[in-house]
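Please keep the sequence and the structure at hand as you read.

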Amino acid sequence: MAEKETKKDKEQNKLQPKSDPSFGGNVPATWKEQERAMELIKEAMDHQLAGELDKAIRLYKESIALYPTADAHTYLGWTYSFQGRIDEAIAQCEIAIRLDPEWLEKAKQARRYEPRHFPYLNLGRVYAAKGMLQKALEEFRGAVKLNPDDPDLSRIIEELENKLQ
C-alpha cells in the first residue's frame with residue numbers, strides 16, 4: 001500500500017514547466033506551487049479591488065515567482081495601469097501574450113472574468129502600442145459595448161478614428 005501512496009504522491013508532485021521568458025526557459029513548478037500561485041492571484045485581486053495597489057503588486061509578483069501565468073502578468077499590468085505606469089503595464093501584457101498568445105482572446109469569453117471589458121482594453125492597448133490601430137479600435141469598440149458609460153473609452157475610440165482618417 002505504501003508503494004501506491006508513493007506513486008500517487010509522485011504523480012501529484014510532478015514537475016510542470018514554467019515558460020516565463022524572464023526566467024530564461026523552463027523552470028519546474030510543483031502542483032502545490034501552481035495552486036499557491038493561483039491563490040496569490042485571487043488574494044492580489046481582492047487587494048486591487050480594495051485600492052491597495054502596492055500590496056496587490058507584491059502578491060502578483062509572488063505568484064509569478066512561483067508559477068508565471070498569463071493571468072498574473074495581465075493583472076499585474078492592470079494594476080500598473082491604475083498607477084499610471086503605462087509602459088510597465090504594456091510590458092506585462094506583452095509577457096502574458098508571449099506566455100499564452102490566445103489568453104486575452106480566451107479571457108473575453110471566460111465567465112469568471114470581471115470586469116468583462118478588461119481583456120478588450122488590454123488587447124486594445126497592446127495593439128495601439130504596436131501601431132496596429134485598426135485592431136486596437138476593434139478591441140476598444142468591444143470594450144465600450146460592455147462598458148458604455150466609460151467616457152475614456154469614447155475618447156480613445158474617437159482619437160483612433162481620427163488617426164485612421
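## A tour of the helices

E102 is partly exposed, with a relative accessible area of 48%. This residue sits in the loop that joins α5 to α6. Along the chain, E102 and A70 are 32 residues apart, and their C-alpha atoms are separated by 9.6 Å. Please bear in mind throughout that this is a predicted model.

Let us step back to the whole chain. The protein chain holds nine helices and two strands. Read from the N terminus, the order of its elements is α-β-β-α-α-α-α-α-α-α-α. Of the 165 residues in the chain, 39% are buried. Among contacts with a separation of 6 or more, 44% are between residues 24 or more positions apart.

How many of the 13 residues of α4 are buried? The count is 12 of the 13, so α4 is largely enclosed by the rest of the structure. The buried residues are A70, D71, A72, H73, T74, Y75, L76, G77, W78, T79, Y80 and S81. Their cover includes α2, α3, α5, α6 and α7.

S81 is worth a look of its own. It belongs to helix α4 and is buried, with a relative accessible area of 15%, which is under the 20% cut-off. Leaving aside residues up to four places away in sequence, S81 touches I86, A89 and R125.

The helices α2 and α4 pack at an angle of about 15°, and their axes are 11 Å apart. That angle makes α2 roughly parallel to α4. The crossing of these two helices is left-handed. On the α2 side the contact is made by I41, M45 and Q48, and on the α4 side by D71, A72, Y75, W78, T79 and F82.

Helix α3 covers residues 53-66, and its 14 residues reach 20 Å from the first C-alpha to the last, close to the 20 Å expected at 1.5 Å a residue. Its buried residues are L53, A56, I57, L59, Y60, S63 and I64. Seen down the axis of α3, these fall within an arc of 165°, so they line one face of the helix. An α-helix has 3.6 residues a turn, so residues three or four places apart point the same way. What covers the buried residues of α3 includes α2 (31-49), α4 (70-82) and α5 (86-99).

Helix α9, residues 151-164, also has 14 residues and reaches 20 Å from its first C-alpha to its last, close to the 20 Å expected. Here the buried residues are L153, I157 and L160. Viewed down the axis of α9, they fall within an arc of 65°, so they too line one face of the helix. On the other side of α9, P151 and K163 are exposed. The buried residues of α9 pack against α7 and α8.

**The α7 and α8 pair**

Which way do α7 and α8 run, roughly parallel or roughly antiparallel? Helix α7 (residues 118-129) and helix α8 (residues 133-146) pack at an angle of about 160°, with axes 8 Å apart. That makes α7 roughly antiparallel to α8. Their crossing is left-handed. From α7, the residues Y120, L121, L123, G124, R125, Y127 and A128 meet L133, K135, A136, E139, F140, G142, A143 and L146 of α8.

| Helix pair | Angle | Axes apart |
|---|---|---|
| α2 and α4 | about 15° | 11 Å |
| α7 and α8 | about 160° | 8 Å |

Q109 lies in helix α6, residues 103-109. Is Q109 buried or exposed? Q109 is exposed, because its relative accessible area of 61% is over the 50% cut-off. The C-alpha atoms of Q109 and P119 are separated by 9.4 Å, and these residues are 10 residues apart along the chain.

Technical notes: Residues are numbered from 1 along each chain as its sequence is written. This is a predicted model: local features need pLDDT of at least 70, side-chain atom pairs count only at pLDDT 80 or more; totals for chains, interfaces and linings use all residues. Side-chain values use heavy atoms; hydrogens and water are left out. Helices (H or I, at least four residues) and strands (E, at least two) are DSSP runs, numbered from the N terminus. The expected span of a helix is 1.5 Å times one less than its number of residues. Buried means under 20% relative accessible area, exposed over 50%, partly exposed in between (1.4 Å probe, protein chains only). The arc is that of the directions from the helix axis to the C-beta atoms. Contact means heavy atoms within 4.5 Å. Axes are lines fitted to C-alpha atoms, for helices over the stretch in contact, and angles run from 0 to 180 degrees between N-to-C directions. Angles under 35 degrees count as roughly parallel, over 145 as roughly antiparallel, 65 to 115 as roughly perpendicular and the rest as oblique. A crossing is left-handed if the near helix is turned anticlockwise from the far one by less than a right angle, and right-handed if clockwise.
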